[in-house]
Number of protein chains: 2
Amino acid sequence: MRSWLAIDSDSDFSLDNIPFGIVSPLIKRGHWDDEPRAAVAIGEYILDLKKLFDYYYTQGKSGHAVNKFDHLFSCVIGYDTCKYGDVFTRSTLNDFASLGRAAHRQVREGIQVLLREDTPYPQVLKDDQLLRSTAICLRKDVEMHLPFAIGDYTDFYAGYHHAFAVGEMFRGAANAIQPNYNHLPVGYHGRASSIGVAACGSAAITRPVGQILLDPSAEVRKPTTAPSRKLDFELELGCFICVPPDQAGARVDVGEADEHIFGYVLLNDWSARDIQAWEYVPLGPFNSKNFATTISPWVVLADALEPFRAKGIPNQGPTPIQDYLKEDREESCFDIKLEVDLIAGDNATTICRTSSTNLMWSFPQMIAHHTLGGCALRSGDLLGSGTISGPNEGESGSLLELSRNGTKDVLLAGMESRTFLKDGDEVVLRGYCKSAAGVRVGFGECRGKVYPAK
Amino acid sequence: MRSWLAIDSDSDFSLDNIPFGIVSPLIKRGHWDDEPRAAVAIGEYILDLKKLFDYYYTQGKSGHAVNKFDHLFSCVIGYDTCKYGDVFTRSTLNDFASLGRAAHRQVREGIQVLLREDTPYPQVLKDDQLLRSTAICLRKDVEMHLPFAIGDYTDFYAGYHHAFAVGEMFRGAANAIQPNYNHLPVGYHGRASSIGVAACGSAAITRPVGQILLDPSAEVRKPTTAPSRKLDFELELGCFICVPPDQAGARVDVGEADEHIFGYVLLNDWSARDIQAWEYVPLGPFNSKNFATTISPWVVLADALEPFRAKGIPNQGPTPIQDYLKEDREESCFDIKLEVDLIAGDNATTICRTSSTNLMWSFPQMIAHHTLGGCALRSGDLLGSGTISGPNEGESGSLLELSRNGTKDVLLAGMESRTFLKDGDEVVLRGYCKSAAGVRVGFGECRGKVYPAK
């Protein structure tokens, strides 16, 4: 698909993508136009959906000729969405998500039709210079906001090689994978208030202070309160939930879980390993994780990833998994190429290259498990995959693995090396899918920079 | 303090209490009056704060005589609250909480002044029959709603005797308390969407289905997916956070944490012990907890509990606690008498009597720890204390302890016994403080009934 807008062939935000986000003008003018609202990214541009719908409503309300436009527009963009068109004027995507997958599909496809070089409806946007100048602007001229009001955030542990590597480090290879791991997607409740995006540039991550056990071998264990010395990133995929209101609180069958997925983001689950090691027994991670979690600001719709389905890691257990987790299809993951850059000073080094096919549990399985006992999911809930690592050198999605818990230097460009993150370091996650035909659908960047402890 | 309203001397909702909640009429009339809004409980009555403020605004807008009333009212109830008077017309207490402790205090004291037998302002409410009949109704004629939009829910583990008893059960007395327990308030992030109140009567708790390991000793561990056989309650105290907007995201000093506490509720952290035992390694409880958590619907303001300060359990560690957790005052807890009734069929048995003085960590300490690393608290966040148990027989706040993990029958009235909860069982938590002079401040009931698995 080609667009009448100029889009680089290596752009993550191709016409095949159309990811959704919440934007506001970078330069504030002190009036209503400053408010955050919905947009889609397209190449270096954004299409402001509020402006598009405002224009549509204004036109639609005056006379016969525009009633044809009205009708056309609602056919292209979707009647249900137009009916509830003000979902795009709101400061989050929650209400749009709650319209359900069919509405997301119709809006995405409608926008693709309007932006296609050979659009059959050039009068709607392509040839309307006023609307184009009103609703389309450069991506660098907007700042980004959290795409959703996140009711609850759950972080899973579905990256098999990460779970194995961390288990091996602390318990040896024979006991690396714990007995429940092959039977259920292990997860924990994260802190919703910790989720943030970079408004522009990098999200600011303040090094957390916490209790640390400097000498775990001492007879009387005496912690110290200090800035974390083992600040780490975690490369994850995030999944935003959509629940049509009539299905609130229901148990979700694994075969129907796709209908509860709005879309995906990259997720950096910043972690303080020294705080985590001391605090996590017996109830799991707490202050080691709740200081910051960064997501990429553009949400790639589930439909946009469908062409890139692939098999994940097969279940490693000796016995079959429980019925409620069995999927009919083999290709329950996506093949998203994932990369991590660590920027130290002026030099960027790609320290990890892996793929989301390293997940052993799929998001539909996570959803089926999450709702099995009666836990209600809500639109805007965020699920994290857990750290994604491959089995080989240079494929690990955390410094804990790359530096073997600080015992091995990770070499960087410019004669630098790291075990864990230093103040001033910047971590950039990237992810994209690419077909044999060259179609690219990507996530853009998830970028955060470390600042000294307060 | 005596009121011109008839209040039983053993009522939890005395004039010294004035707890806040969100109510709507039990019988809906299909119009604006059906909407949830703020109220306080007083004896068997509620005072509808929306109606009170609506009346005040209507009166205040017409003429000289009522301007005096206007002035009087804002002096009694608090200028700031009147300025933002519509906080009480909203469907949650979040915005009221964000006004800060001084505003809560002024409103509570203002309401006490209006309701006192010897009120100096009888013209405002006592002698105004129209307002009385509009704004005051019987508690049994309203249904209750969640008092807050809960952004995040954290559950701590601060009940020392509970932690010891559970630790002893699984690891023996020597290792019952884990090394970090005496140094930090261990806690985990719970599921905000799991929190509910009983609209009237009992909250309906559906027995959760989950993965259970029926034979943990088998060489190959093979779980079963089935309704929980070890459904339990947990007796806890809940604490609602208030954060003035200008302090959002700040680290909270332990000495200033009181200013971040709106008030308290009873909390039943329903738990499926068999699901928990299998799932919780290594990231903590998940489906064993996220199916339901019930709170009592009336929030007792922090000020109402101030007269009942008491010492908690002294820290048990061999070394002093970290500076950021040190409190100046010794009486960092409240002496809240706590009771649990288990109703099986027609018979109620009080199976636990204990006190909140069995907490080893105070809520100010939990808040200081929670925010140490940079985690932002928000108004409406809920903190659970963890299960509160005393050291003696009949003082345990869970069936796990009372039945020693199902190995001992808990005897009930009517020739019944339990190890864990059966379908149809009802659990009622109660809590109250009472002074030597007979002043009583209580929480009412936190009531839930178990229904069969779906």
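Trainee: Where in chain A is the place of Pro282(A)?
Mentor: We are looking at a predicted model, in which local features need pLDDT of at least 70, side-chain atom pairs count only at pLDDT 80 or more, and totals for chains, interfaces and linings use all residues. Residues are numbered from 1 along each chain as its sequence is written, chains are lettered from A and ligands numbered from 1 in the order in which they are written, and side-chain values use heavy atoms, leaving out hydrogens and water. Helices (H or I, at least four residues) and strands (E, at least two) are DSSP runs numbered from the N terminus. In those terms, Pro282(A) sits in the loop between α8 and β16 (293–295) of chain A.

Trainee: Is the peptide bond from Val281(A) to Pro282(A) cis or trans?
Mentor: Most peptide bonds are trans, and most residues other than glycine have a negative phi. In chain B, the bond from Val281(B) to Pro282(B) is cis with omega near -5°, and Pro282(B) lies in the loop between α8 (273–279) and β16 (293–295). In chain A, the bond from Val281(A) to Pro282(A) has omega near -5°, which makes it cis.

Trainee: Which value is phi of Ile18(B) near?
Mentor: Ile18(B) is found in the segment before β1 (20–25) of chain B. Its phi is positive in a residue other than glycine, near 60°.

Trainee: How far apart do the C-alpha centres of domain 1 and domain 2 of chain A lie?
Mentor: The bounds come from an automatic or database domain assignment, which gives domain 1 (20–145) and domain 2 (153–451) in chain A. The distance between their C-alpha centres is 32 Å.

Trainee: Which residue forms a salt bridge with Asp303(A)?
Mentor: Side chains of opposite charge can pair when their charged atoms come close. The rule asks for a side-chain nitrogen of Lys or Arg within 4 Å of a carboxyl oxygen of Asp or Glu, and it finds two salt bridges across the interface of domain 1 and domain 2 of chain A. With closest N and O atoms 2.9 Å apart, the partner of Asp303(A) is Arg101(A).

Trainee: What is the largest C-alpha distance among the annotated residues?
Mentor: The UniProt annotation "binding site", from an unreviewed entry, covers Asp155(A), Glu234(A), Glu236(A) and Asp269(A). They are spread over 115 residues of sequence yet cluster in space, with a largest C-alpha distance of 11.4 Å. UniProt positions follow the numbering used here, feature names are shortened, and annotations may be inferred rather than shown by experiment. So, with that caution about annotations, the value is 11.4 Å.

Trainee: What is the area buried between chain A and chain B?
Mentor: The contact takes 57 residues from chain A and 57 residues from chain B. Carbon and sulfur atoms give 57% of the buried area, which is about 5200 Å².

Trainee: Which residue of chain A forms a salt bridge with Asp381(B)?
Mentor: Over all chains the count comes to 74 salt bridges, and between chain A and chain B it is four. For Asp381(B), the closest N and O atoms are 2.7 Å apart, and the partner is Arg191(A).

Trainee: How many charged residues has the side of chain A that touches chain B?
Mentor: Elements that each supply at least two residues of this side include β6, β7 (187–189), α8 (273–279) and α10 (363–371) of chain A. Ala, Val, Leu, Ile, Met, Phe, Trp, Tyr, Cys and Pro count as nonpolar, Asp, Glu, Lys and Arg as charged, and the others, Gly among them, as polar. By class, the side of chain A that touches chain B has 26 nonpolar and 22 polar residues, while the charged ones number nine.

Technical notes
Contact means heavy atoms within 4.5 Å. Buried area is the accessible area (1.4 Å probe) that two parts lose on being put together, summed over both.
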